[in-house]
Amino acid sequence: MSVMTKFELLPAVETFLKQSPFASFVGGQDFPAASGNLIPTIDPGSGDTIAEIHDLSPSEIDRAVEIADEAFPAWAGLSQQERSSILLRLADAVEADKAIIAQIEALDAGKIQAQAAGDVQNFVDTLRYFVGLADKVELRNKLDVPGHDAWTFKQPWGACAFIFPWNFPFLLIGWGISPALAAGNTVVIKPAEDTSLSALYLAQLAKKVGVPDGVINVVTGRGATAGAALSNNTKIKRMSFTGSPEVGQMVGESCGRNLVPVKLELGGKGAAVVFDDVDVKATAEALVGAITFHSGQVCCDATRWLIHENVYDEFVKHCVDRLKEVKIGHPLDPNAQMGPVVNPKQCQRVLGYQDKGKAGGAECLYGGGAATVEGYEGNYVKPALLAGSLDNVAAQEEIFGPVAYLAKFGSEQEAIAMANDTQYGLANSVWTKDDDRAARVAESMTAGNSWINAHNVFAHGVPYGGVNKSGMGGGVLSIETLMDYYRSTSVVRPLG
């Protein structure tokens with residue numbers, strides 16, 4: 001099995017891929033499926049199989065959770081300084097291998113290699129951020145209660161489970177497990193079956209730098225079996241799922257039955273509200289950059305563009321001009337600005353929504369359809385701009401591809417109402433030079449995140465999460481997330 005690409009692979013990447021078929025990594029060692037069942041890993045840019053992963057059974061998932069549970073007391077029993085030292089070694093090792101992991105991620109997820117490198121660095125920065133926060137947490141907090149000696153004591157929960165999607169495999173692992181590990185929990189990671197390779201590389205790297213066996217475990221398999229078994233397991237103490245609202249509902253139901261706290265980071269249909277006092281060309285270029293970044297496979301993306309009627313035509317012209325310049329190519333092509341979508345199913349989803357939108361009355365302002373990249377049979381689509389009434393299916397449902405839907409507005413209140421006309425509530429943005437209006441509109445939009453004169457802004461220290469159909473239990477990248485991974489005990493002694 002070889003990778004068919006005209007672009008050179010790093011020797012370390014070639015060596016890693018030769019380990020295929022990949023077993024899961026549990027308790028510090030390979031953990032193969034007893035059935036021998038395998039799932040192919042496909043390069044979205046070429047359609048070639050680059051590796052295979054083992055497909056674990058529900059009973060094997062249960063065993064992985066038991067191993068994480070068994071490893072918990074020793075990991076939690078370390079001093080914060082000892083845990084932090086180990087995790088910082090892991091951060092250093094990931095940073096040292098950034099080019100290797102980025103190339104694995106590019107081949108596995110279809111990410112432009114430079115963007116994948118940014119994801120790897122984000123993992124590093126996130127792990128270091130939460131280690132730094134955990135070093136400052138006061139585990140005992142004295143309570144001022146008359147007639148009582150009282151305090152609260154914080155301690156980690158135990159084995160925590162994480163199910164991650166295929167669009168940001170490595171970055172989201174960092175967002176998820178960093179606070180859990182820093183607080184003293186052990187983790188079981190279930191990556192998407194399409195994009196498991198970078199998680200497996202991480203597990204091997206953790207072993208090399210001395211992370212104790214059983215602290216970081218990676219289980220591979222299909223969502224309907226392995227993922228369902230993980231969310232149904234009664235030994236997990238906290239659950240985190242990132243993915244579609246439909247699957248998120250099933251995970252939430254499982255956790256509800258077991259009374260397991262759950263964090264759900266789900267989809268979105270973000271609005272970008274553009275007023276008529278902006279630099280129209282610069283704003284158009286920024287939003288085109290948003291929908292073409294990772295081929296629009298970004299849950300918090302701005303995919304509904306609400307444009308003031310005074311600048312609508314000029315805005316559309318600049319968008320079309322910029323989209324004509326976007327180079328679609330293989331993820332390892334250093335000149336490519338947009339790569340493929342992750343798999344043929346997603347490709348058909350994007351193309352299908354373009355067709356349904358136009359059939360429902362949307363005007364196609366630009367592009368759309370399948371794209372071709374010479375020499376490759378990958379999952380390439382062209383970016384598209386649709387426009388019309390916001391009751392169109394392409395304006396209401398998450399497409400998860402490089403497609404934006406445009407509509408005009410005339411007043412501030414009309415824009416707010418249009419932005420809030422959705423079942424989702426993840427991330428919106430407002431574009432204007434008027435600071436007062438920017439703050440007013442940002443605070444009026446129903447979403448977990450409102451950005452001003454930018455989109456897709458993720459600063460460590462700022463909570464990130466969704467409301468409504470976009471999820472619950474947010475707080476990623478902030479102190480609130482770290483505190484979620486401690487449970488609190490109240491201790492009281494009456495005086496006198």
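Visitor: What share of the contacts between residues at least 6 apart in sequence join residues at least 24 apart?
Guide: In this predicted model, 73% of them do. A contact means heavy atoms within 4.5 Å.

Visitor: And how were the features picked?
Guide: Local features need pLDDT of at least 70 and side-chain atom pairs count only at pLDDT 80 or more, while totals for chains, interfaces and linings use all residues. Residues are numbered from 1 along each chain as its sequence is written, and side-chain values use heavy atoms, with hydrogens and water left out.

Visitor: How much of the chain is buried?
Guide: Buried residues are 58% of the 496 in the chain. Buried means under 20% relative accessible area, exposed over 50%, and partly exposed in between, with a 1.4 Å probe and protein chains only.

Visitor: New topic: how many aromatic pairs are there?
Guide: A search of the whole structure finds 14. Rings of Phe, Tyr and Trp (its six-membered ring) pair if their centres lie within 6.5 Å; planes under 30 degrees apart count as stacked, over 60 as edge-to-face and the rest as tilted.

Visitor: Why is the pair Phe168 and Phe293 called stacked?
Guide: Because their planes are at 25°, with the ring centres 6.2 Å apart. The two residues sit 125 residues apart, so to speak linking distant parts of the chain.

Visitor: Is Phe168 buried or exposed?
Guide: Phe168 counts as buried, at 10% relative accessibility, whereas Phe293 is partly exposed at 29%.

Visitor: How are Trp451 and Phe458 arranged?
Guide: They are edge-to-face, 5.7 Å centre to centre with 85° between the planes.

How values were computed. Helices (H or I, at least four residues) and strands (E, at least two) are DSSP runs, numbered from the N terminus.
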